[in-house]
Amino acid sequence: MNDERTRVQEFFTARAADWDARFPDDGPAYRAAVTELGLRPGSHVLDAGCGTGRALPALREAVGPSGVVLGADLTPAMLEAAKRAGRDRDGQLLLADVAHLPLRTGSLDAVFGAGLIAHLPDPAENLRELRRVVRPGGLLALFHPIGRAALAARQGRQITPGDLRAEANLGPLLAGSGWHMTTYVDEDDRFLALAVRQD
């Protein structure tokens, strides 16, 4: 495991036990973001970097009992927290790196990634891997329950021009990775970028 992956794993391992307690009011924002994906019953969807699985209940509701919901995360402690919360009933949990997913090419209708983009060690390459597992015309949602400015304020920092989630940076990054950004929202109470897989 490279240094960046080790850093991410250590960061989330230290926070896994109380992660949900730190953000108890995010449920409605997750549900709203999942709704934006427009998933249908029977769809196959991955929550990439699922953490404690907070999106899994909404994803399961969207795809119904005939759909497939997967949650992949690099950090065992986060997946254990998801199990303790009972979210493994809503989706199959995979200990996996989004850089090398154990999934067939074109096997998914959509990928949901909450808070994911800032933790990708090689964003362009990792977004190409997410594209690989999505069917042509499939969707990607990059989400955060608060916007860039609110998140920066919470962390005691300023937004920088190099922020990957800035529209001017994210659009070209997605395009270079085989995605076309169709929606971009950056408000105090949510960040959401939707993209469609390009052939």
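Start with the sheet: seven strands make an open, mixed sheet in the order E3-E2-E1-E4-E5-E7-E6. Strands here are DSSP E runs of at least two residues, helices are H or I runs of at least four, and both are numbered from the N terminus; two strands pair if DSSP finds at least two bridges between them. E3 and E6 (179–187) are the edges, each pairing on one side only. From one strand to the next, the twist averages 15°. This is a predicted model, where local features need pLDDT of at least 70, side-chain atom pairs count only at pLDDT 80 or more, and totals for chains, interfaces and linings use all residues. Residues are numbered from 1 along each chain as its sequence is written, and side-chain values use heavy atoms, with hydrogens and water left out.

E2 (residues 68–73) runs parallel to E3 (residues 92–95) over four bridges, with Leu 70 opposite Gln 92. Further along, E1 (residues 44–48) and E4 (residues 108–114) pair in the parallel sense over three bridges, and Val 45 has Ala 110 as its bridge partner.

Then look at the helices. H8 lies across E5 (134–144), E6 and E7 (190–197), at about 160° to E6 (angles run from 0 to 180 degrees between N-to-C directions, with axes fitted to C-alpha atoms, for helices over the stretch in contact). H6 (residues 123–132) packs on H8 (residues 167–176) at about 55°, the axes 8 Å apart. In this contact (heavy atoms within 4.5 Å), Pro 123, Ala 124, Leu 127 and Arg 128 of H6 meet Leu 173, Leu 174 and Gly 176 of H8.
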